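Please read this briefing alongside the sequence and the coordinates, which are shown just below. The points that follow are grouped by topic.

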2 protein chains.
Amino acid sequence: MVKVSPFAPKEPPRLPAIDGVRFATCAAGIRYPGRTDLLFVLFEPGTTAAGVFTRSKTASAPVEWCRARLQHGMARVLVVNSGNANAFTGKRGREAVKLTAEAAAQAAGCHEADVYLASTGVIGEPLDPAKFTGLLGGLAETADPEGIGDAARAIMTTDTYPKLATRQTEIEGVPVTINGIAKGAGMIAPDMATMLAFLFTDAAIEPGPLREILTPAADATFNAITIDGDTSTSDTLLLFATGTAASRGAPRIGLAHDPRLVKFRGALTEVLLDLAHQVVKDGEGATKFVTVKVTGAETPEAARRIAFSIANSPLVKTAIAGEDPNWGRVVMAVGKAGEAADRDRLSISFGDILVAKEGEVAPSYREELGANYMKRPEVAITVDVGVGEASVMVWTCDLTAEYIAINADYRS
Amino acid sequence: MVKVSPFAPKEPPRLPAIDGVRFATCAAGIRYPGRTDLLFVLFEPGTTAAGVFTRSKTASAPVEWCRARLQHGMARVLVVNSGNANAFTGKRGREAVKLTAEAAAQAAGCHEADVYLASTGVIGEPLDPAKFTGLLGGLAETADPEGIGDAARAIMTTDTYPKLATRQTEIEGVPVTINGIAKGAGMIAPDMATMLAFLFTDAAIEPGPLREILTPAADATFNAITIDGDTSTSDTLLLFATGTAASRGAPRIGLAHDPRLVKFRGALTEVLLDLAHQVVKDGEGATKFVTVKVTGAETPEAARRIAFSIANSPLVKTAIAGEDPNWGRVVMAVGKAGEAADRDRLSISFGDILVAKEGEVAPSYREELGANYMKRPEVAITVDVGVGEASVMVWTCDLTAEYIAINADYRS
């Protein structure tokens, strides 16, 4: 069936437990019998939450639910199911969300408003919450602080390896931990390339600043990756902060720009970037990990559009799959982005190899240099568009026949 | 090597000659020996011209040349070469264009300003005009009014069949003809999916109105197709009007909104649409011809962006390749377009089969209806986004493993 990504780690990393976060998983038979498809996460009272979601205009019912909950930003439970995305399910979808939240609140002994939900899987089919609402009480009882490895596996669909990342950092000298899990864009049966990521920390940060630090960190990481340019109805990134480090003397942070958060923000970005790169490396059919850097653009938005024009170009991505140093396609992708670029000042490098400068092939460039470079599993394309000071980095993978095989398979 | 498109006609259509247009072709050895790679078209004095070009910010030297010539809009010669796009070639590219135009003007006995140029092929390599400038005089002498079939073949690169279309119409009762040829997006060796189209008519229309009628006709046809969302540096559409029908009593038209042009405008759009559909049907690896219709959008631009979001979505296109009626991916593509759409009023049809309405799967829909429909070679997806009155149609093909194979091949 699906080949394991060549970037899969030999063993998943072991993450330290975080005080105040407990995990439980089970096979609820939501779509396939015997497949772990339900994750239940319990948080200590006082846990704060922040989130970033798909910008899709056809967002799923659970995405709408979480957006509404984050206005107060407190959390006690997270319930994630795979097998059914509960998207494009109309009124029944909203009812399923409500019933799940009620059952989860009862299981955890909390308010519905403290329940967060995410669903991934087939869209357009009603999700029957009766399949799993009766299981939540039992999951609450068995939830385990050491369960994050199982949690990472429970949210996998056709991901070829579980995605985990962790960083230790400190806030005013008190050690705090950030753990994260993610599932990526590799789904045959469930039909949608949904990205889900959940992060957990014992830092004590109020909901407002938690949101303010999460958004720019997500923009530089999860919002800077692309597999195929398609955006799911269900993409969800949630960060939960239990505040349990306060018992060890960590201050409770009320302002995003508090200088005591500088290291924490760096570590948070690292965890997000680690997970985002893992998602790209497990992209459907991926054999190459590609960094696209654009410099010299007029504005950050222009840099971003040019970078994504390159990273999403089927002609660029198939060339990389073929290990072809086809810089003409990079020129094409810059041109079609529609952003200011000075054709006659454009320069392109593959890794450290200068390929083109001042709008022409570089005198020092020889095809075999590029061809040799392209054999690497990780390649970098840098383009200077010669009109300004703005720059950006985004990440993608190549486009292979395996991607087509996966996605042209009839839904089973 | 490359399979012939399943949509290729058994025989190319035979087009009537148009007074005042003569064609000559030859193998100049620009990139490959023995391959016809040069087209020379001679026009009667008084021929007017209009054009539509790539919006790429890295447009090729010949595109820049033609844009400048169209300010006066008179034409005597068109020279087209394949094998080298003369794009991203800096100052040398502009010099090559100048030398070619000088030689063509000399061969035709006209001004350089009346020479139009197009190049398709590998980009970033200097084009040496000395390879063919010496041949233009001989081509001018042998140019033949019956040569349009050869012309259509001369501009092919990896197109799997020549693309020709013709319509007869009339202007104030006088019969006039519109002939067209095109090359599409199917190029292995030359590296770029360049679209070239050239139209010829004996109608007598001033440059201003010629431009004014060409632009909207191109928007509804060539600008409404996509193979892979990538845009070449060289896309060129030129329309030449010899005015020779005036000798048979046709009026010389000076205003685009002249009511005597109504039928002509319709016929022009038909020729363009015919050629544009042929280009899609010969898309790299295409096995399905797909019509995407969006209705109920807020504005025509919004309708267009939603339609292209569907038509360019790798997940939608691979589903079609797999004959999978995967309407969930259509919902996803609507959502990611970022335009206003009412999720709970969205409806989707495959052909005449209502798949989803009011934001949910339609009660009448059964999977086998959709699956059966998807087996057709030509499929139509209609989406009503439920927020306004604007609608649009665009056309695309499916995304197959053959596309990957063609584009991941190393340049030869």
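Predicted model: local features only at pLDDT ≥ 70, side-chain atom pairs only at ≥ 80, totals over all residues.

**A helix, a sheet and a pair of chains**

Helix α2 of chain A (residues 90-108) has 19 residues and reaches 28 Å from its first C-alpha to its last, which is close to the 27 Å expected at 1.5 Å a residue.

- The buried residues of α2(A) include G93(A), A96(A), V97(A), T100(A), A101(A), A103(A), A104(A), A107(A) and A108(A).
- An α-helix has 3.6 residues a turn, so residues three or four places apart point the same way.
- The partners against which the buried residues of α2(A) pack are the strands β2 (38-43), β4 (77-84) and β5 (115-122), together with the helices α1 (61-69) and α3 (136-142), of chain A.
- After α2(A) comes G109(A), whose phi is positive, near 65°.

**Chain A as a whole**

- Chain A has 11 helices and 16 strands, and its radius of gyration of 22 Å is close to the 22 Å that the globule rule gives for 412 residues, so chain A is as compact as a globular protein of that length.
- The C-alpha trace of chain A spans about 70 × 55 × 40 Å along its principal axes, and buried residues make up 60% of the 412 residues.
- Of the contacts in chain A between residues at least 6 apart in sequence, 80% join residues at least 24 apart.

**An open sheet in chain B**

- Five strands of chain B form an open sheet in the order β3-β10-β8-β7-β6, with mixed pairing; β3 (48-53) and β6 (163-171) stand at the edges with a single partner strand each, so one side of each is left without a neighbour in the sheet.
- Neighbouring strands of this sheet are turned by 15° against each other on average, direction ignored.
- β3(B) runs antiparallel to β10(B) (residues 236-241) and is joined to it by 6 bridges, with V52(B) standing opposite L237(B).
- Helix α1(B) (residues 61-69) packs on the sheet, touching β3(B) and β10(B), and its direction makes about 135° with that of β3(B).
- Helix α6(B) (residues 262-281) also packs on the sheet, touching β6(B), β7(B) (174-183) and β8(B) (196-201), and its direction makes about 170° with that of β6(B).

**How the two chains are related**

- The same surface serves both copies, since 100% of the contact residues of chain B recur in chain A.

Methods
Residues numbered from 1 in each chain as written. Chains lettered and ligands numbered in written order. Contact = placed C-beta atoms within 7 Å. Pairing = 2+ DSSP bridges. Helix = DSSP H or I, 4+ residues; strand = E, 2+ residues; numbered from the N terminus. Axes fitted to C-alpha atoms, helices over the stretch in contact; angles between N-to-C directions. Expected span 1.5 Å × (residues − 1). Buried ≥ 20, exposed ≤ 12 C-beta atoms within 10 Å, placed from the backbone. Rg over C-alpha atoms; globule rule 2.2 N^0.38 Å.
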